[in-house]
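Colleague: I would like to learn how to read a model like this one. Can we go through it feature by feature?

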Amino acid sequence: MPWPEQPVARQRHQRVVAWIERERLVALWMHGASTRNWVVSVLKVVSRIGDGWLWYGIVVCLPWAGGPVGTSASVRMIGVGIVDITIYKIIKRWIARPRPFRTCAGIRECTPSLDEYSFPSGHTLHSVACSLILTVYYPMFALTSGRSRCSSRSRASCSACTIRATSSSAP
């Protein structure tokens, strides 16, 4: 006699497979922009900025440029950065989602990866966290949140978000 959960598990598996296929098609569509060299060049620059150098520079300069308020903002950015890195490393190892150029035919690596897995995006995590803190202390810098969105989009277009490799056969 079959277990009652089998039809539910099969239906759930089919939904997961359908989701993965939709995600693969979106990744291929987004990757289509990489056929234009100028797009890849722009996204590489945005991606490299997202590697942390901009934020390191801001954290170092804020105490001098902003006095006590800048020091407070820098300390908070460092604290949130440490928490972010801890959470990021735990989730990244747990999910272990390979990059799309490894799992999806038709997607190439546009820029060298900083690590093996694509999710979560450290670029987006740190950009959003630092942008929020910077904006709270200095509302005139609210435009940096636009840079955060640009960084996350560049990672998706240059194959930093990915397709989880799973079997398409039912259990």
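This is a predicted model: local features need pLDDT of at least 70, side-chain atom pairs count only at pLDDT 80 or more; totals for chains, interfaces and linings use all residues.

Colleague: How many helices and strands does the protein have, and what pattern do they follow along the sequence?

Modeller: There are 5 helices and 2 strands. Read along the sequence, they give α-α-β-α-β-α-α. Of the 171 residues, 34% count as buried. Among contacts between residues at least 6 apart in sequence, 72% join residues at least 24 apart.

Colleague: Which residues make up the largest nonpolar core?

Modeller: Such a core is a set of buried nonpolar residues joined through side-chain atoms within 4.5 Å. Here it has 10 residues: Trp55, Ile58, Val59, Leu62, Ala73, Met77, Cys130, Ile133, Leu134 and Tyr138. Helix H2 (37-95) and H4 are the elements that give two or more residues to this core, and H2 gives the most, with 6.

Colleague: What does Met77 touch, leaving out residues up to four places away in sequence?

Modeller: Met77 touches Trp55, Ile58, Val59 and Leu62, and also Cys130 and Ile133.

Colleague: Which residues of H4 are buried?

Modeller: They are Gly122, His123, Ser127, Ala129, Cys130, Ser131, Ile133 and Leu134. Cys130, Ile133 and Leu134 are also listed in the core.

Colleague: How many aromatic pairs does a search of the whole structure find?

Modeller: It finds 1. The ring centres of Trp53 and Tyr56 are 5.5 Å apart and the planes are at 90 degrees, so the pair is edge-to-face; the cut-off for that class is over 60 degrees.

Colleague: Where do Trp53 and Tyr56 sit relative to each other in the helix?

Modeller: An α-helix has 3.6 residues a turn, so residues three or four places apart point the same way. Trp53 and Tyr56 are 3 residues apart in helix H2, about one helical turn. Trp53 is exposed, at 64% relative accessible area, and Tyr56 is partly exposed at 47%.

Colleague: Where is Ser121 found?

Modeller: Ser121 is in the loop between strand S2 (117-119) and helix H4 (122-137). Its relative accessibility is 23%, so Ser121 counts as partly exposed. The C-alpha atoms of Ser121 and Tyr88 are separated by 8.1 Å, although these residues are 33 apart along the chain.

Terms used. Residues are numbered from 1 along each chain as its sequence is written. Side-chain values use heavy atoms; hydrogens and water are left out. Helices (H or I, at least four residues) and strands (E, at least two) are DSSP runs, numbered from the N terminus. Buried means under 20% relative accessible area, exposed over 50%, partly exposed in between (1.4 Å probe, protein chains only). Contact means heavy atoms within 4.5 Å. Rings of Phe, Tyr and Trp (its six-membered ring) pair if their centres lie within 6.5 Å; planes under 30 degrees apart count as stacked, over 60 as edge-to-face and the rest as tilted.
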